[in-house]
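Subject: Structure for you to look at

Hello,

Here is the structure we talked about. Please open it beside this email and follow along; my notes come after it.

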Amino acid sequence: MKFLIDMPVTPDAGPHLRAAGHDAIHAVDLGLARSSDDELLTVARREERVIITADLDYPRLIALQQADRPGIILFRGGAYSDREMLALLDRVLARAFTLGLSRAWSLGASGRAQSQLDDHSPAFPSFAAAIVSSPSRT
């Protein structure tokens, strides 16, 4: 799977995801550290990447644009250590790969993963949003 990692997410996510066989790049590595959310959305769409972010503006922007792409993995619920963020990312991706990439995943405060079916291409789900929060956070 292809990922574009946004600025609020640890730069360690890129090497971590690449080690797991994904095509992942951080906004810093693309020279997009100071780019707007709209610019990152454009890059993600063009390169067919899922955005990994902690920025709550992305779902709103995609909805306002009436767009169906890109997919998003959204960390919410406060500050995460790099280790926590990588562990939660692994948890969401492990569940998504077990049951198929065409599902959108949400990992809520209970720690229980829930999915929503998406009938679009498994390589690039149509506006799939995984909302991730630690079981200890609300």
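Arg49 has a relative accessibility of 8%, so this residue counts as buried, the cut-off being under 20%. The model is a predicted one.

With Asp23 the Arg49 side chain makes a salt bridge of 3.1 Å, N to O. Arg49 sits in the loop between helix H2 (37-47) and S3, while Asp23 belongs to strand S2 (residues 23-26), so this pair ties together parts that are 26 residues apart in sequence. Glu47 is also in a salt bridge with Arg49, and here the closest N and O atoms are 2.7 Å apart. Together, Asp23, Glu47 and Arg49 form a network of salt bridges. Asp23, at 35% relative accessibility, counts as partly exposed, and so does Glu47, at 24%.

The count of salt bridges is 3. One of them joins Asp57 to Arg60, with the closest N and O atoms 3.8 Å apart. Both residues are in helix H3 (residues 57-64), 3 residues apart, which is about one turn of the helix. Asp57 has 33% relative accessibility and counts as partly exposed; Arg60, at 44%, is also partly exposed.

Next, strand S3 (residues 50-53). Val50 and Ile52 point one way, Ile51 and Thr53 point the other way, and all are buried. Side chains in a regular strand alternate between the two faces of the sheet. S3 pairs with strand S1 (residues 2-5) in the parallel sense over 3 bridges, and Ile5 stands opposite Ile52. S3 and strand S4 (residues 72-75) also run parallel, joined by 3 bridges, with Thr53 opposite Leu74.

Regards

Conventions
Residues numbered from 1 in each chain as written. Predicted model: local features only at pLDDT ≥ 70, side-chain atom pairs only at ≥ 80, totals over all residues. Heavy atoms only, no water. Buried < 20%, exposed > 50% of the residue type's maximum accessible area, 1.4 Å probe, protein only. Helix = DSSP H or I, 4+ residues; strand = E, 2+ residues; numbered from the N terminus. Pairing = 2+ DSSP bridges. Salt bridge = Lys/Arg side-chain N within 4 Å of Asp/Glu carboxyl O.
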